[in-house]
Amino acid sequence: MALTSKLLAGLLIYAAIAAPAGAVEPFVSGTAAFKDGHYERALALFEQARQAGQQGPSLTYNLGVTLFKLQRYQAAQAQFQQLLDDPEWEEVARLQLGLMAEKQGRPASAVGHYRALTDGTSPKLRRFALARLTALAQTSDRKPTAEEDRGLALLSLSSGYDSNAYSLQNALLTDDSVGEDTYTELFAWGQYRLQGTAEDGWRLHGFAFGRRYSDLDSLNLSSFNLGVSRHVSWQGWLVELGGVAETASLGGERVTSEWRLVGRMQHTFDSGVLTLAYLPGYFAATEDFRYLDGWRQRFEARWTTPLAMLDIDALYRLDLDDRQDLTTADDGFYSYSPRRQTVGLEAELPVAQGWTLNAGSHYRVSHYQDNNRLQDSDGQFKDRARDGTRLRSWVGAELRLLPRLQLDARVVRTVNDENFDIYSYDKTEANLSVRYVF
């Protein structure tokens with residue numbers, strides 16, 4: 001690995017000489033900050049150099065290695081990918097992509113980059129690539145040991161405030177209630193690679209979630225999920241195929257179970273990462289919630305890309321529901337079969353060593369099948385199709401205390417506006433979480 005550090009230092013010196021006059025000072029300062037290990041400051045200064053007019057491959061490379069040091073692998077990968085078509089920079093970009101793939105536990109991708117380097121023009125890089133290929137081959141040939149990371153788990157404990165805890169119950173039932181309360185929340189997630197690698201293998205995964213309110217016991221939530229997935233590489237895409245079983249409870253009473261198929265594919269482009277998903281699921285509810293029985297077809301498209309110092313995540317989601325719905329003894333009718341479209345935008349901004357700010361917003365439009373027939377909360381009897389919009393926005397901050405320990409604070413504002421008053425609500429949630437990765 002000493003070769004990488006020496007090569008990087010040399011490139012940083014060259015880049016400073018080649019930079020436009022208006023960008024030399026921040027670039028030189030960024031180079032010094034990088035060498036001193038102040039990577040957040042180096043990133044800010046390199047971005048300042050770009051804004052001052054430097055647009056060459058040297059800046060792209062240095063942005064990439066700085067993001068790599070900050071473990072912002074997705075953003076770093078997008079920078080290095082831009083250099084693969086430049087003959088002068090292709091080999092060093094491939095080196096960094098290979099090293100980053102190893103860091104992320106993607107040995108198949110690392111092998112591809114190192115093999116390309118063995119045909120390169122640099123003797124040093126050829127020797128380095130052959131050494132890494134040999135090491136990876138030795139790793140894949142032997143049986144995994146206890147120290148090797150085949151599993152990953154996360155545990156999160158939160159405490160928070162909810163200004164309208166009844167919002168979920170009102171959506172499931174036909175009541176109209178409002179109540180505020182504090183809560184504690186536990187979330188545990190884990191995965192284990194059963195066979196193969198992250199790019200060609202089988203994975204077992206699941207989560208457990210529970211929220212307990214201080215006073216409103218009837219609104220306590222819990223959910224459990226277990227699934228298995230097969231990962232393969234196909235035509236440059238990382239493809240996931242699998243199945244999931246999930247159950248959800250409200251107030252200690254099981255509401256519904258879901259069996260869901262998972263089809264997801266991801267591709268890395270020069271400017272970002274595209275993820276497409278098809279997630280059909282069938283819901284089987286308990287006796288009191290039979291109106292939830294039926295299918296949901298979910299389609300998703302997600303685009304993740306770096307933008308200046310930000311990591312941007314854009315989402316489009318389409319849900320098509322075909323449920324049993326609810327007919328009451330007085331000939332009332334309640335549709336639970338919405339067609340929903342959601343668009344969302346999220347952003348993350350590292351602001352200091354260990355600190356990250358984040359914000360986002362999701363806007364959802366819903367239209368339900370058939371006309372609802374019911375007496376609304378204003379006393380009027382209404383017979384019309386149910387339509388609504390929901391805007392959910394949040395701001396938060398994360399502080400990494402240790403490599404595996406993190407604090408997370410967030411405030412969420414939700415406004416749900418529908419043409420039936422019993423379904424309209426607004427709420428504010430605020431919580432503080434402690435998360436640990438195993």
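Start at Gln71, which is found in the loop between H4 and H5; helices (H or I, at least four residues) and strands (E, at least two) are DSSP runs, numbered from the N terminus. This is a predicted model, in which local features need pLDDT of at least 70 and side-chain atom pairs count only at pLDDT 80 or more, while totals for chains, interfaces and linings use all residues. Residues are numbered from 1 along each chain as its sequence is written, and side-chain values use heavy atoms, with hydrogens and water left out.

Gln71 is not a glycine, yet its phi is positive, near 65°. Gln71 counts as exposed because its relative accessibility is 55%; the cut-offs are under 20% relative accessible area for buried, over 50% for exposed and in between for partly exposed (1.4 Å probe, protein chains only).

Next select helix H5, residues 73-81. Eight of its nine residues are buried, including Tyr73, Ala76, Gln77 and Phe80.

Rings of Phe, Tyr and Trp (its six-membered ring) pair if their centres lie within 6.5 Å; planes under 30 degrees apart count as stacked, over 60 as edge-to-face and the rest as tilted.

Now show the largest nonpolar core, where Tyr61, Phe80, Met100 and Tyr114 touch the most other members among its 38 residues. Such a core is a set of buried Ala, Val, Leu, Ile, Met, Phe, Trp, Tyr and Cys residues joined through side-chain atoms within 4.5 Å. Helices that each supply at least two residues of this core include H2 (21-35), H4 (57-69), H5 and H8 (123-141). H6 provides the largest share, seven residues.

Centre on Met100. Beyond its neighbours within four places in sequence, Met100 is in contact (heavy atoms within 4.5 Å) with Phe68, Tyr73, Ala76, Gln77 and Phe80.

Another core lies apart from this one; it has 13 residues, among them Phe289, Tyr334, Phe420 and Tyr423. Select Phe420 and Tyr423, both of which are buried. Their ring centres are 6.4 Å apart and their planes at 80°, so the pair is edge-to-face.

For a stacked one, select Tyr278 and Phe299, at 5.0 Å centre to centre with 25° between the planes. Tyr278 is in strand S7 (residues 272-278) and Phe299 in strand S9 (residues 294-307), 21 residues apart. Tyr278 counts as partly exposed at 36% relative accessibility, as does Phe299 at 35%.

Move to strand S14, which holds Asp370. Asp370 has a positive phi of about 60° although it is not a glycine.

Which strands each supply at least two residues of the lining of the largest cavity? They are S14 (355-375), S15 (381-402) and S16 (405-418). To display the lining, select Arg340, Arg364, Ser366, Tyr368, Gly388, Thr389, Arg390, Asn416 and Glu418. About 40 Å³ of space lies inside, and the whole structure has one cavity of 30 Å³ or more. A cavity here is a set of points on a 1 Å grid over the protein atoms alone where a 1.4 Å probe fits but cannot get out; lining residues have an atom within 4 Å of a point. Grid points are joined across faces, edges and corners, and a volume is the space filled by probe spheres set on the points.

Key:
1 Å grid on protein atoms, 1.4 Å probe; cavity = no way out; pocket = protein on both sides within 12 Å on 5 of 7 lines; lining within 4 Å.
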